[in-house]
Amino acid sequence: MKLRALIFDVDGTLAETEELHRAAFNMAFREAGLHWDWSEGIYHRLLKITGGKERIAAWCAETGDFLSSADIATLHANKTAAYTGMMAAGQITLRPGVDRILGEARARGVMLAIATTTSGANVEALARAVWGCTAREVFDVIAAGDEVAAKKPAPDIYRRALVRLGVSPAVALAFEDSRNGLVAALGAGLRTVVTPSVYTAAEDFAGAWAVLPDLAGFHAFSATPTGIDQGMAPLS
Ligand code: XBP
Ligand code: MG
């Protein structure tokens, strides 16, 4: 069966963005007068909860501090503003191999999609920073954030991307960096290539089609044993 679409996670997969997210959370906390500061260790643990609002709610439950849903939404909107501002001013670059694979797919008419927990605004900020254009100029479909009620590891965001692409999972390939993302993609029936990121390196990626340090050595469309054009046989 011919490959029709590639579906990418954003945070940790397209780029190492989680330290920017962490800085943005901490900036929003400071501006709100909250005495919270998420260290790398705390953030590593909290990353198991996908979604910024959900992560803040989990932190409230852990600390015993109370914020209403409206307070959390406001705090998270301020975090998004901080993140997009820092992204515009910052040094974030794509992970190795990503841009090449996107170009190879485009040249072959293979569709490109995003399936992410983060918000559309953050996807746009990344696109502006790394490509100097809108995300829709790069990706045919962007499935993001609160479009689905159940975030990763639920498969909903991948299912939504597949519906909008108009293809079955059998002719698509997902790219992820985390256990939560892998479980979401597998739940949607997708073969999944995992490139672990700084915060997910020690996670369990059982079930992945391939686990690679990054996409630099992944020649997706070449006639090699790792070519995904070649009947999409599992990698050995
Ligand atoms: C990434 C996330 C996101 C970001 C924060 O998960 O969990 O929540 O850390 O984004 P994945 P928001 O890469 O698996 O999609 O604050 O915008 O929710
Ligand atoms: Mg990710």
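**Where the domains meet**

Author: Gladly! Domain 1 and domain 2 bury about 1400 Å² between them, with 54% of that on carbon and sulfur atoms. Buried area is the accessible area (1.4 Å probe) that two parts lose on being put together, summed over both. This is a predicted model, where local features need pLDDT of at least 70, side-chain atom pairs count only at pLDDT 80 or more, and totals for chains, interfaces and linings use all residues. Residues are numbered from 1 along each chain as its sequence is written, and side-chain values use heavy atoms, leaving out hydrogens and water.

Reader: Where do the domains lie in the chain?

Author: Bounds come from an automatic or database domain assignment. Here domain 1 covers 5-16 + 93-211, and domain 2 covers 18-88. The contact (heavy atoms within 4.5 Å) takes 16 residues from domain 1 and 18 residues from domain 2.

Reader: How many salt bridges does the rule find across the interface?

Author: The rule asks for a side-chain nitrogen of Lys or Arg within 4 Å of a carboxyl oxygen of Asp or Glu. Across the interface of domain 1 and domain 2 it finds three. Separately, Glu203 forms a salt bridge with Lys48, their closest N and O atoms being 3.7 Å apart.

Reader: Which helix gives the most to the domain 1 side?

Author: Helices are DSSP runs (H or I, at least four residues), numbered from the N terminus. Helix 6 (residues 120-131) gives the most to the side of domain 1 that touches domain 2, with five residues.

Definitions and conventions
Chains lettered and ligands numbered in written order. Helix = DSSP H or I, 4+ residues; strand = E, 2+ residues; numbered from the N terminus.
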